[in-house]
Structure formats: C-alpha cells, structure tokens
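Subject: Model for you to look at

Hi,

Here is the model I promised to pass on. Could you open it next to these notes and have a look while you read?

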4 protein chains.
Amino acid sequence: MHRFPEHLIQGYANFLAGRFAREQSRYSELAATGQSPTTMIIACCDSRAAPETIFDAGPGELFVLRNVANLVPTYQPDGGQHGTSAAIEFAVVSLEVSNIVVMGHGRCGGIHAALSPNAKPLDAGDFIGKWMSMLGPVSAQVGQNALMTPAERQTALERISIRNSIGNLRTFPYVAKLETEGKLALHGAWFDISTGELWVMNPDTGDFSRPDV
Amino acid sequence: MHRFPEHLIQGYANFLAGRFAREQSRYSELAATGQSPTTMIIACCDSRAAPETIFDAGPGELFVLRNVANLVPTYQPDGGQHGTSAAIEFAVVSLEVSNIVVMGHGRCGGIHAALSPNAKPLDAGDFIGKWMSMLGPVSAQVGQNALMTPAERQTALERISIRNSIGNLRTFPYVAKLETEGKLALHGAWFDISTGELWVMNPDTGDFSRPDV
Amino acid sequence: MHRFPEHLIQGYANFLAGRFAREQSRYSELAATGQSPTTMIIACCDSRAAPETIFDAGPGELFVLRNVANLVPTYQPDGGQHGTSAAIEFAVVSLEVSNIVVMGHGRCGGIHAALSPNAKPLDAGDFIGKWMSMLGPVSAQVGQNALMTPAERQTALERISIRNSIGNLRTFPYVAKLETEGKLALHGAWFDISTGELWVMNPDTGDFSRPDV
Amino acid sequence: MHRFPEHLIQGYANFLAGRFAREQSRYSELAATGQSPTTMIIACCDSRAAPETIFDAGPGELFVLRNVANLVPTYQPDGGQHGTSAAIEFAVVSLEVSNIVVMGHGRCGGIHAALSPNAKPLDAGDFIGKWMSMLGPVSAQVGQNALMTPAERQTALERISIRNSIGNLRTFPYVAKLETEGKLALHGAWFDISTGELWVMNPDTGDFSRPDV
C-alpha cells in the first residue's frame, strides 16, 4: 500500500499545533451550528492563488468554488450535472450569501490554453478545450489581436473572462432577482501572483484597480 | 456603486503584511517559473474545510479543485463542458501531479442534500439535485437504511462517496495508466470539522483511520 | 499691453532663488561647453507628465521632444518640414545620445482623440485628427474591441502606440545602424498620473512592468 | 536585453520620495478631473532649458510643446501630419488655454544650424535643414550681416524667430479670433542659459527685457 503524502501529514500536524489549537472553539461551534459564510468566492484551481490565503480567511468565512480559470457558465437547467451551477445555487439559495466574488489571477493556465487552442499536451479536443470553449469567440477575438503582446492578451482575457462570468451569473434567475433587490452583490477581483497585488473590479465600469489597503 | 467586501480587503491587508511579506520571493519565483505542484486535492466548497488551511500549505503546493461534496464524475468524453474533468485532465496531463487526494468532510451539505432529496429549499429538480444524483443508487440505498442514525448515514455516505470518486478517477484512461505505472497515487481523506481530526483512507481496504502525526 | 503671466514670473523667481542659485556653476559650464545629454525623451505635451519632473532631471541631462501623444512618424525624407524627425536627427546625429526613451502616460488626450475620432470639439478633419491618424488602423482595431472597457482600450492603445513609435524610430537609417552597433538603445516607458507609477517596457517582449526603485 | 537607464531610475526614485510624495493628492485629483492648464509653452528640446524647471511649475500647470528651436509654422490645413499645429489646436480649441508663450534660449543648436547651413554633421539636405528652412530668407539675411559678430547674429535670430513664430500663431484662425476677443494672449520669452536670466518680450515693440522679479 502506498502512503498518504508525507508533506500533507506534516502540514496537517502544523495545522493542529497552530491554527486549530488557536481556533478549536470556533471549529467546534461551526460544526454544531453549521456554516453561514456571507461570501462565496469563485476561484481557479491554481496552486498559487488560494482564496483563503490571499484573504487570510478563517474557518467558516468563505464558501469557495474552484475550477479551471474560475469560469461561470450561463444558466442551463437542462438536467445535466453542472457542478459550478450547483455550487452557485447552494451558496445563493441555501446559504444565502451576500457577496459573490469571481477571482481570476495572472498567468492562468486555463486562459493560456484558451489563447493557445492547439498547444500540446492539451488541445481543443480535450476536456480543457471544451471547458475553455465557454469563452469561445471572446478568446478568439483577443487571441487574434496582434497589436498586444502575448502577456497583454493574457491579462486582457483574464479580466474579460471575469466580466463574462459575472454576466453569466446574472442569467441565474435567483442571482438576478437578489441583486436587483440589493441583497446580493457581485464582485470581480484579479490577483497578480508575481507582485502579490489584488486588483478589484469597479462594478460600474468593469475596470480593475488596486484598492487602498 | 457597491464596495468590495470590507472583510476581504482587511484579510488581504493581513496577507500582504504577513504571508506575502515572508514569502515574496517564493511568489515571484512561482510567477516566473510557473506552478509545479505535486499534489491535486479535490475538496468541497464548504467554508470550514479549506485544504490550504488543513494542510498548512504554502503557495505553489496544492492544485485544488473544489465543488459541492468533492465529487468526481466518470470519464465522459461527450463534448460537454465538464469542469471537474477539465481540472483533473489539467492536473494529470499538463502539470503531471504525483498524487490526487479526494478529501471529504463531516456535516457536508451536499451529502445531506443527497440523503434528503425532497428537503427545501433545494430539491431534486435543482442543480444540486442533479449534481448529487451522481451518487444515485448509492445514496438511495444508504438513505433507506433505517438501522443507522441520520448522523451515521451521513458519515457513511461521505466516505462511500470518496471511494466512489476514486473509482471514477480510474475511468480516466491517463489516470488508470499512470497509476498502473506507479507514477500517480490516488488517496482518500476525510476531515472532521468538529474535532479537527483528519482521517486517511487505507488504499487497500478503503477504511478510514487517523494517521500518526 | 498685456502683461507676461504673473504665475510664470513668480515661478521664475522661485527658480532663481532655488535651483539656479544652487546650480549656477552648472548652468555656466553648460553654456560654455554646450549641451551633451546622453538621453533623449520623446514625451507628450500633457501638463501632468513633464519628463524633467518625473525623472527629477537637472540642467543638461535630458534632450526632450514633446508633441501630442509622444508619436514618432516613420522616416520620410520627402523634403517636408518634419519637426519630430528633425529633433530625432539632431539628438542622434549631432548630440550622439545613447538612449531614446518614448514615454507615454495614462489618460492621454491625444490617444483618447484617436479612439473617439468623431468627438467634439476636435474631429478627424482637424490637425489633431490628422496627427493621430499616424496610428490609423491600429487605433481603429483597438477602438472596435468591445470586450475591453473604455479605460482598458485607452491603456492598451497608449502602450501599443509606444511600441509603434519605437518601431518607427528603427526606420531612421542612423537609428537602426547605431542600435545594431550597440551604441544606441531604444526604451519605452509609461507614466500613471494617478498613482505616480512609472512602468518600463521590456525591450524583448514589449511588456510593461514597474521597475524596482 | 538592455536595461532602462540607471540615471532615470534613480531620478524617478527621487521624484517619488520628493515631489510626488508631497503632491500625491494633486496628481490624484489631476488624474480624476483631467488637466486644465491655463498656459501653453512652446519651447526648444534643449536639455538646458526645460520650461517646468525655469518656471518652477507643478503638475497640471503648463501644457508644453517642445521641438527644435521652438518654431511655429504657418497654418497649413493641407491634410499633412503637422505635429506642432496639432498641439496648438489641442491647447487652444480643446483645453482653451489663456496664454501661449513662445520661449527661445541662448546658444540654440537649431538656430545655429540655420545660420550655418553647410556645417557638419547636419546640413540643409537633412530633416534639421528642412525644419529650420521655416526661417528661410530671415536666417539668410541675418547670416549675411557681416557687421555683427557670430554671437550677435545668433542672439538676433533667436529673437527674430520668436517674433516670427508669434506671427505664425496668428495665421491660425481660432488663435487670431480669440486674441482679438481678449481671451488669448501671445507672449515671447528668451532664456539665457549662462546667467539664468529670463528676458520677456514687450508685445507692443517686440523688444526683450528683464522683468522685475
């Protein structure tokens, strides 16, 4: 039998001696009363951009969906098994969160794949290709802009995709209704791995800028 | 215009002054060289069970997929947009991770929904119902076991579901091939929110027990 | 007779009592020996982005051309009176500068005009329209990108234009020759009026990033 | 890849720690509201005669065009790309400045070239030659005046050229109209690099004298 990864066992020992020892009563209370996070984060699987790390979040604070490139599909009640839609529904209808943050990040591998549809080892015929095809014509249009550098195209699509996902969130009837009623706010954020900077989207203009911290 | 949530801005300021300040060169290096995590974690969206927290993981260490109830579907190359499969493909084919850990946890809302298909506000006609139907006959069978208490049924299905997801992982041809070649190991883990205990699955028997730490 | 503007007289008095008093011998020496700046800056007329201010430059340090939107035309030895080309020729052939920096800036009115060709009071039939037509198809292509916000299009064109001007500098035979011989380096820079940040162009990739200061 | 000039990086660091630190809110306000300078300066590219330095001007104060020898051509709406005319148009029509100052200076290399049309390395066949030909018969006439010393001819042409440029400004219909209406004033100035003296033109007589400061 293979062993459970040693680095995880070691990390878990650190958790037990550190955060858990400090927050034991919080975990106990959260187990008894259930979770009631006020914020859902839709983030990427990338190992360098964990929401709990970037927002220094404690247990019970963030309900976190993570998929490749933090994409949200449109509302498609077609009977299919839509994992992202299920998580959104759970957060909004069951947990009644007040905020949804779509958080992208620099150097995103999924966005890179969308801009390089024929790159190996992943290509358009794979799951990644199909998944990123959600950005379809948008990524094609950005990818063909020869005036921008590859890095500029990458950043542009990362941000366009966040706005696109926020637009898709509004196709969910309960999201649209609650937003209109002022009970739910949709936010965009973009994390720069290199510099550690968080850029926040202006909901009126769609532009990203760094908040005062 | 609504403001970005204040608790996130405050948490980000803590991150900047704390972890980022200490690991700035690590972030910078990760941005320059790209990520190369050795482990993928498939976890739940639950706000009380963040993998980076439980495994005290630093930037670049864990590639993390999070969906409701940490489910893995079977391999279905039907052209659909399968977010979970895309993340698995990205981790295995592109990042070439050595380990995949399916991590469940106690008091999981998704598992609870699977065992209570007619509970409000979510029911079988919703995205959550469709998503959890992946456990189909399994959850029905557990749910009808009147000999176990509701809490026992819940824990049982949480663990059955982990083994089910690991089985489904093996339907992906590259996962099966790499596991056979000894290049990829599949693991199960279950986190008890109440006690902070991590339970690890014995890959031979499927049983869960607490590792020495 | 109208009077010379009072704010200029007052500013000149400050100069006399301040910088000139401190650097009198430098001015005297520069008058006797002539100027020998090593760097030419091609900047915009904008009142918020003076090169001497941003680079805290003293007398004799920077040879500065300023036109609307810091544009460089291609080499056109057609006998016309080309002011920008004359300044480049003077800097490279007569002064033998080692560096040319094309410095753009955020919120540039010329770039804005290029992206809004029918806005009043300036339109395409005016000198501004003709001047900015140097960016011709480039600005049209950026202007039609509906996926980016107006602010993103503005920043994108500001940076594309800098790369375009650097490309045009290379159409001057002596610039190309000296650059090849390693005697002249071409640089790009972009100043963010709002934050005071200077972004520097990577000459290999064309990307802009903030230097360590 | 070559590096951005170190003296500029150092100067920028001084700016950040000095003027920018003191005037951060001014920059921020200027970014938000746009520039609204009341004065345009038409100056030379010379590294020893920066308007912001000589007039100790802060951000947002001066809209500055700089070309070789601070020349203004006549109004030529011929569809050509006239950089100087575009800047004048932008200042007068869009920014609605109240003052335009044509500022020359002693020991001007462009004026020297106009008086030495066959000097190397620049000659009349070059861009500088074409550009300075704007002074055409005027510079020939001064150049042939054997009664004056070379230094006297140089200063004489520097001042004649300022008056010539002011005359050319009046060929722009909107400049003439606004001046007649008392909404725009045209000024001449000449800076003596050696002594730091500013000489101001009397608009009635065209003579230059030192103002009381």
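Below is what came out of going through the chain contacts and a few of the strands.

Before anything else, keep in mind that this is a predicted model.

**Chains B and A**

Start with the contact between chain B and chain A. Chain B puts 98 residues into it and chain A puts in 99. The buried area there is about 7900 Å², and carbon and sulfur atoms give 68% of that. In polar terms, the count is 31 residue pairs in polar contact, both residues being at pLDDT 80 or more. On the side of chain B that touches chain A, the biggest contributor is helix 1 of chain B (residues 6–33), with 16 residues. Sorted by class, that side of chain B has 51 nonpolar, 32 polar and 15 charged residues. Salt bridges across the interface of chain B and chain A come to 2. If you want one to click on, B:Arg66 forms a salt bridge with A:Glu52, with the closest N and O atoms 2.7 Å apart.

**Chains A and C**

Next, the contact between chain A and chain C. Here 22 residues come from chain A and 22 residues from chain C. The area buried between the two is about 1500 Å², and carbon and sulfur atoms give 50% of it. Between chain A and chain C there are 4 salt bridges. A:Arg210 makes a salt bridge with C:Glu197, where the closest N and O atoms sit 2.6 Å apart. The interface of chain A and chain C also has 8 residue pairs in polar contact, again with both at pLDDT 80 or more. As for what chain A brings to the side that touches chain C, the elements giving two or more residues are helix 6 (136–143) and helix 7 (150–169) of chain A. Helix 7 of chain A has the largest share of that side, at 6 residues. By class, the side of chain A that touches chain C splits into 9 nonpolar, 7 polar and 6 charged residues.

**Pairs that do not touch**

Chain D stays off two of the others. Chain A and chain D do not touch, and their nearest C-alpha atoms are 13 Å apart. Chain B and chain D do not touch either, with 17 Å between their nearest C-alpha atoms.

**A histidine in chain B**

B:His187 deserves a look of its own. This residue lies in strand 4 of chain B (residues 185–192). Is B:His187 buried or exposed? B:His187 has a relative accessibility of 4%, and the cut-off for buried is under 20%, so B:His187 counts as buried. Leaving aside residues up to four places away in sequence, B:His187 touches residues of chain A, namely A:His2, A:Arg3, A:Phe4 and A:Pro5, as well as residues of its own chain, including B:Asn99, B:Val101 and B:Ile166. With B:Asn99 there is a polar contact between the two side chains, at 2.9 Å. For a sense of distance, the C-alpha atoms of B:His187 and B:Arg26 are separated by 28 Å, and the two residues are 161 apart along the chain.

**Strand 1 of chain D**

In chain D, go to strand 1 (residues 39–44). It is largely enclosed by the rest of the structure, because 6 of its 6 residues are buried. D:Thr39, D:Ile41 and D:Ala43 point one way from strand 1 of chain D, while D:Met40, D:Ile42 and D:Cys44 point the other way. Strand 1 of chain D pairs with strand 2 (residues 62–67) of chain D in the parallel sense, over 6 bridges; D:Thr39 stands opposite D:Leu62 there. Strand 1 of chain D also runs parallel to strand 3 (residues 99–105) of chain D, with 4 bridges joining them. One of the partners to look for is D:Val102, across from D:Ile42.

**Strand 3 of chain C**

Last, chain C. Strand 3 of chain C (residues 99–105) is mostly covered, with 7 of its 7 residues buried. On one side are C:Asn99, C:Val101, C:Met103 and C:His105, on the other C:Ile100, C:Val102 and C:Gly104. Strand 3 of chain C pairs with strand 1 (residues 39–44) of chain C in the parallel sense over 4 bridges, and C:Met40 stands opposite C:Ile100. Towards strand 4 (residues 185–192) of chain C there are 7 bridges, also parallel, with C:Asn99 opposite C:Ala185.

Cheers

Key: Residues are numbered from 1 along each chain as its sequence is written. Chains are lettered from A and ligands numbered from 1 in the order in which they are written. This is a predicted model: local features need pLDDT of at least 70, side-chain atom pairs count only at pLDDT 80 or more; totals for chains, interfaces and linings use all residues. Side-chain values use heavy atoms; hydrogens and water are left out. Contact means heavy atoms within 4.5 Å. Buried area is the accessible area (1.4 Å probe) that two parts lose on being put together, summed over both. A salt bridge is a side-chain nitrogen of Lys or Arg within 4 Å of a carboxyl oxygen of Asp or Glu. A polar contact is a pair of N or O atoms within 3.5 Å; within protein, one must be able to donate a hydrogen and the other to accept it, and residues adjacent in sequence count only if both atoms are side-chain atoms. Ala, Val, Leu, Ile, Met, Phe, Trp, Tyr, Cys and Pro count as nonpolar, Asp, Glu, Lys and Arg as charged, and the others, Gly among them, as polar. Buried means under 20% relative accessible area, exposed over 50%, partly exposed in between (1.4 Å probe, protein chains only). Two strands pair if DSSP finds at least two bridges between them.
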